[in-house]
Amino acid sequence: MSNDRLVDVAGKLDLLKERFRERAVTDVASVVADLGADAGVEPGREQLVNAYRTLHRLAGSAGTFGFQALGNEARSLEVHLKPFAEEQDASQKLRASGLTSLDPEFLERVRGLAQLLVPGESAREAPEPVTHRETVLSEQPEIMIIDPDLARAESLATALSPHGFIVHCRQVPEPTDLPVSAIIVREGTLSAKSQLAKNAVDVAPLVFIAPDDSFDRRYALAALGADGFASEPVDVPALADSIERLINERHEAGAGRVLVVDDDPELLEHYALVLEDSGLEVRCVGDPSTLLGALSEFRPDIVLMDVQMGEYNGPTLARMLRFDPEWVGLQIIFLSSDEDREFQFGALSEGGDDFLTKPVSDRILVQAAKVRCYRARQLDKLASRDSLTGLLKHSVALAEAVKEHARCHRLGEPSVLAMLDLDHFKQVNDRHGHRVGDLVIKGLANLLRHRLRKTDTIGRYGGEEFIVVLPDCSVGNAVRSLQEICHQMAQIRFGGASGEFSVTLSVGLAALDRYDSADKAIEAADRALYQRKAAGRNGVTCDAGHMEPDQDSPVL
Ligand SMILES: Nc1nc2c(ncn2[C@@H]2O[C@H](COP(=O)(O)OP(=O)(O)OP(=O)(O)O)[C@@H](O)[C@H]2O)c(=O)[nH]1
């Protein structure tokens, strides 16, 4: 993270802390007044409830801004006051109880709150330092090979690049500004992963190449901090697939969309700053009545929700959200200063998933949010992604095609749909076995992910058939991109039972915006694919009926 950015975030957090302190001065004064601590006046029910609520809020927020002592004392006073605040005839109970709680000592402690408006030494527990050089999921990830034998490194780089990686080779670990997404290291080049820390590439996953595949070797490399492993002779497609998986995992572990619902403006802003600074996307909702709109618009992975928000109650809001099937699976985590287990179980049974007890330190907040976002994304992936390739499942890809068809028609933009099919794939399975066949399918999936834009839809349509939707793209550009992909696919060398082999790809393509429905465009692309197969495979064919005279020829 740059120094400027650090200073910026720290400066904003300091401003928020000052705003909190100013409000806390008023809050403490109002508690003193409500409880008649200065005037010696016996409080009525309304005053007791007000004082209880203010103490509850201070207990839940003061620690977050570094006023731990104030938060702890507010919590302790709040607990004393709770039975009276909850009683309907509170003031009578107070009288009947002989003022056991609001005795002079209690009131002295209430007056003493003002002295605690001094921040503690460790004002905030910082989250784990986040490097903003974190793994970049670019369309073409950059990886680095560190190998004292440069010729060997370059030969591996040549074999890996058709998989869609940009590969850099170095003989020794050295500082770099490259956005490296993964590092391949020859065993013996490093004695510990920490050696890379100096070189600003420490966050990238590390894959070691070792001379053999023994248990001891694997164990020793795991102890060095390896994230992945490959042994000689290197199975390049398997290595490419394992790098791909590590990059995706790393990317997903730090990503997520968090909706925070809290009616305390300083707390809300503080949470947002801390979470955003850790790389998460955040949307704040200060007024719970706007929650449904914010959910539909932002579509978060998780919701962090305060329990008491004026007239609104978090658990009831959670129950209300579950009315809608769309939000049934949404993770809702309550932020509450109430540590009472009974209360927490009750709130969870209303529709929440978990509790974070306030005050939440910045580090816990970030960790809790990231872990839960990761889980939520994994679950979502299970439902929508094909397990072999990680691409969209048939039905989800179709739904995306239908959506894009509506969009490009509405806006009058060009858009392309393509069907892709591996050539003679049955022979691959028959000659080299299903496991190798699977690697070929994964190889094509990874290549598509790297070579197409993030906004493109890529789905596994059937066994070795894929569907691709390219929004805002002319037929000519689509042909060029897909031809390049066919070319790269043919260059990938797979290791088979009887030596290395390569597999080619056929593509049929149709202009999505020229058809009445996505289904018709799919039929047209399928027809074009059939023509491509008949014309010799390995290349791209456009649906002839929709070529413009000056466009590329229909069969390529
Ligand atoms: N390894 C593996 N094979 C699969 C998978 N899904 C489908 N297949 C195989 O893909 C092959 C498809 O073969 P065909 O439809 O005859 O087509 P082809 O051999 O590719 O021939 P053309 O399409 O005409 O070039 C079949 O052998 C299927 O068993 C999968 O997930 N993994």
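The side chain of D301 makes a polar contact with the side chain of R377, at 2.8 Å. This comes from a predicted model, so every distance and area here is a computed value. As for where D301 sits, look in the loop between α11 (291-298) and β8 (302-306). The relative accessible area of D301 is 16%, and because buried means under 20%, D301 counts as buried.

Next up is the ligand. It is surrounded by 16 residues, and the closest are H424, F425, N429, D438 and R460. Some of the contacts can be picked out atom by atom. A backbone N or O atom of H424 lies 2.8 Å from an oxygen atom of the ligand, while R537 brings a polar side-chain atom to 2.9 Å from an oxygen atom of the ligand. With N429, the ligand takes part through a nitrogen atom, which is 2.8 Å from an N or O atom in the N429 side chain. How much of the ligand does the protein bury? On its own the ligand exposes 670 Å², and the protein buries 67% of that. The elements giving two or more residues to the shell are β13 (416-422), α16 (425-432) and α17 (434-451). Of the whole shell, α17 supplies the largest share, with four residues.

F323 belongs to the loop between α12 (314-321) and β11 (331-336). Is F323 buried or exposed? Its relative accessible area is 67%, and since exposed means over 50%, F323 falls in the exposed class.

E174 is placed in the loop between β2 (166-170) and β3 (180-186). Its relative accessibility is 34%, so E174 counts as partly exposed. E174 and I146 are 28 residues apart along the chain, and their C-alpha atoms are separated by 9.3 Å.

Note on methods
Residues are numbered from 1 along each chain as its sequence is written. This is a predicted model: local features need pLDDT of at least 70, side-chain atom pairs count only at pLDDT 80 or more; totals for chains, interfaces and linings use all residues. Side-chain values use heavy atoms; hydrogens and water are left out. A residue is near a molecule or strand if one of its heavy atoms lies within 4 Å of it. A polar contact is a pair of N or O atoms within 3.5 Å; within protein, one must be able to donate a hydrogen and the other to accept it, and residues adjacent in sequence count only if both atoms are side-chain atoms. Accessible areas come from the Shrake-Rupley method with a 1.4 Å probe; for residues, only the protein chains shown count as cover. Buried means under 20% relative accessible area, exposed over 50%, partly exposed in between (1.4 Å probe, protein chains only).
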